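Student: I've got a model open on my screen and I'd like to talk it through with you. Can we take it piece by piece?

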Amino acid sequence: MPEGDVVYRTARRLGRALDGRVLVRSDFRVPRYATADLTGRRVLETVSRGKHLLTRVEGDLTVHTHLRMEGSWQISPAGRRLPPGDVVRLVLANTEWQAAGVRLGMVDLVATAEEHRLVGHLGPDPLGPDWDVAEAARRLARDPRATIGEALLDQRNLAGVGTVYRAETLFLAGVSPWRPVGEIEDVERIAVLARRLLHANRDRATRATTGDPRAGRDMWVYGRAGRSCLRCGHRISRGEMGAQPQERLIFWCRHCQPGEPAG
Ligand SMILES: [Zn+2]
């Protein structure tokens, strides 16, 4: 699933293709907006907010999209054939470039002034201009009984962290994902680490949290169940946590990240 770094880069790619240019085509292939037409309007900018994308268009309109599990924006020279099959949800094009939203999880068209209805619930974005580490820590600590693993994935606390950055952040913090937030002394440090990892990867095509991009060494724990911890040599554990079925996977090192509650 795309996390904040991928969505940030997607916003920049969309910006390079669309910003400042007038749309000559807008094709909403979702029933709710089947008749919407943005042609003749200039695109102002695309920004990311956690895992959400906001494409602002002249005339106080915002196209809101979300990649969810397997969505992407594919950009190509105008007039190229679109990806085959019934996968394109939205096309925005100017005379030079076309952007095809493929398998998007969400597509909305709202007044720019109403964006908050779609993204107002989100916590501070580690890649956003208004990142506020104290506020992020305050939100993470809001429910002292929640596990830190669940709290980190809750987009109302921190926007943009998914299962990869959750696992890697907690490894670097040396904190078990199963620890209740109320038992963690320095929650702010965890927010700082999450931001550092996302920030370090926002311009990289190949994600690495260890500083080593080689396959098998690019992550400390994520996807490494049963293999040796790169730091201590113990076997990496894998488990499931939280309520959202697709977001459950957690990886951790029991030796480097102690404090798992008994039972
Ligand atoms: Zn270890």
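Student: Which residue stands opposite L53 in β4?

Tutor: Keep in mind that this is a predicted model. Strand β3 covers residues 52-57 and strand β4 covers residues 61-66, and the two pair in the antiparallel sense over 6 bridges. Within that pairing, the residue in β4 standing opposite L53 is T65.

Student: In what order do the strands of that open sheet come, and which ones stand at the edges?

Tutor: The sheet is open and has 4 strands with antiparallel pairing, in the order β2-β3-β4-β8. From one strand to the next, the twist averages 20 degrees. Each edge strand has a single partner, so one side of it is left without a neighbour in the sheet. Those edge strands are β2 (43-49) and β8 (106-111).

Student: Which helix packs on the sheet, and what angle does its direction make with that of β2?

Tutor: Look for the helix that touches β2 and β3. That is α1, residues 4-18. Its direction and that of β2 make an angle of about 175 degrees.

Student: Where is D60, and is D60 buried or exposed?

Tutor: You'll find D60 in the loop between β3 and β4. Its phi is positive, about 60 degrees, although D60 is not a glycine. To count as exposed, a residue may have 12 or fewer other C-beta atoms within 10 Å. D60 has 11, so D60 is exposed.

Student: And what about R68, what is its phi near, and how exposed is R68?

Tutor: R68 is in the loop between β4 and β5. Here too a residue other than glycine has a positive phi, near 45 degrees. With 14 other C-beta atoms within 10 Å, R68 is partly exposed.

Student: There's another open sheet with β1 in it; which strands stand at its edges?

Tutor: This one also has 4 strands and antiparallel pairing, and the order reads β1-β6-β7-β5. The strands at the edges each have a single partner, so one side of each lacks a neighbour in the sheet. They are β1 (25-28) and β5 (72-77).

Student: What domains does the domain assignment give, and how many Å separate their centres?

Tutor: The assignment gives domain 1 as 4-119 and domain 2 as 133-253. Taken over C-alpha atoms, the separation between their centres is 30 Å.

Student: Which element gives the most to the side of domain 1 that touches domain 2?

Tutor: The contact takes 9 residues from domain 1 and 9 residues from domain 2. By class, the domain 1 side has 3 nonpolar, 2 polar and 4 charged residues. The element giving the most to that side, with 5 residues, is α1.

Student: How many residues of α5 are buried, and what do they pack against?

Tutor: Helix α5 runs over residues 163-173 and is mostly covered, with 11 of its 11 residues buried. The buried residues include R166 and E168, along with F171 and L172. Just after α5, G174 takes a positive phi of about 70 degrees. The packing partners of those buried residues are α4 (148-153), α6 (187-201) and β10 (249-253).

Student: Which residues is G259 in contact with, leaving aside its neighbours within four places in sequence?

Tutor: G259 is in the segment after β10 and counts as partly exposed, with 15 C-beta neighbours inside 10 Å. Although G259 and V175 are 84 residues apart in sequence, they are 7.3 Å apart in space, C-alpha to C-alpha. The contacts you asked for are V175, S176 and R179.

Student: Zooming out, how many helices and strands does the protein have, and what is its radius of gyration?

Tutor: The protein has 6 helices and 10 strands. The globule rule gives 18 Å for 263 residues and the protein's value is close to that, so it is as compact as a globular protein of that length. The radius of gyration is 20 Å.

Methods: Residues numbered from 1 in each chain as written. Predicted model: local features only at pLDDT ≥ 70, side-chain atom pairs only at ≥ 80, totals over all residues. Rg over C-alpha atoms; globule rule 2.2 N^0.38 Å. Pairing = 2+ DSSP bridges. Axes fitted to C-alpha atoms, helices over the stretch in contact; angles between N-to-C directions. Contact = placed C-beta atoms within 7 Å. Domains from an automatic or database assignment. Nonpolar A, V, L, I, M, F, W, Y, C, P; charged D, E, K, R; others polar. Buried ≥ 20, exposed ≤ 12 C-beta atoms within 10 Å, placed from the backbone.
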